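Subject: The structure I promised you

Hi,

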Amino acid sequence: MNNKNMLLDNLDKIHTTPMGIDRIRRNLNLGEDVADIVSWCRERICDERCEITRNGKNWYCRIDGCIITVNAYSYTIITAHKA
């Protein structure tokens, strides 16, 4: 199974911390118009245009000018930033 499938098969496990929500919102200038940051990230990760690569302990999901970083073991969204 390739890395992309491993991440997509565990999409329901993807989560983040309250600090992670604040960091992602701030880094991507999402403001309060995006109510659920985790769902927003999941939608982008499962988009067929998303380029998913794994480097060490993290997956990097590149789409729409941003990079979402997900820990490969805990499925925690660590951060997201503009590419």
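Helices (H or I, at least four residues) and strands (E, at least two) are DSSP runs, numbered from the N terminus. What you have is a predicted model, where local features need pLDDT of at least 70 and side-chain atom pairs count only at pLDDT 80 or more, while totals for chains, interfaces and linings use all residues. Residues are numbered from 1 along each chain as its sequence is written, and side-chain values use heavy atoms, with hydrogens and water left out.

Let's start with the sheet. Four strands make an open sheet in the order E1-E2-E3-E4, with antiparallel pairing. E1 (51–55) and E4 are the edge strands, each pairing on one side only. From one strand to the next, the twist averages 20°; axes here are lines fitted to C-alpha atoms (for helices over the stretch in contact), and angles run from 0 to 180 degrees between N-to-C directions.

Now go along the sheet pair by pair:

- E1 and E2 are joined by five bridges, and Glu51 has Arg62 in E2 as its bridge partner. The two strands form a hairpin with two residues between them, and Gly56 in the turn has a positive phi of about 65°.
- E2 and E3 are joined by six bridges. This is also a hairpin with two residues between the strands, and Asp64 in its turn has a positive phi of about 50°.
- E3 and E4 run antiparallel and are joined by five bridges.

Cys61 stands opposite Ile68 in E3, and Ala80 is the bridge partner of Ile68 in E4. Leaving aside neighbours within four places in sequence, the contacts of Ile68 (heavy atoms within 4.5 Å) include Cys41, Ile45, Trp59 and Ile77.

What lies across the sheet? Helix H3 does: it lies across E1, E2, E3 and E4, running at about 105° to E3. The buried residues of H3 are Ile37, Val38, Trp40, Cys41, Arg44 and Ile45; buried means under 20% relative accessible area, exposed over 50%, and partly exposed in between (1.4 Å probe, protein chains only). They sit on the same side of H3 because they cover an arc of only 160° around the axis, the arc being that of the directions from the helix axis to the C-beta atoms.

Next, the core. A nonpolar core is a set of buried Ala, Val, Leu, Ile, Met, Phe, Trp, Tyr and Cys residues joined through side-chain atoms within 4.5 Å. The largest one has 23 residues, and those with the most contacts inside it are Leu7, Ile24, Ile45 and Ile68. H3 (37–45), E2 (58–63), E3 (66–71) and E4 (77–82) are the elements that give two or more residues to this core, and the largest share, four residues, comes from H3.

The side chain of Arg25 reaches the backbone oxygen of Gly31 at 2.3 Å and the backbone oxygen of Val34 at 2.8 Å.

Technical notes
A polar contact is a pair of N or O atoms within 3.5 Å; within protein, one must be able to donate a hydrogen and the other to accept it, and residues adjacent in sequence count only if both atoms are side-chain atoms. Two strands pair if DSSP finds at least two bridges between them.
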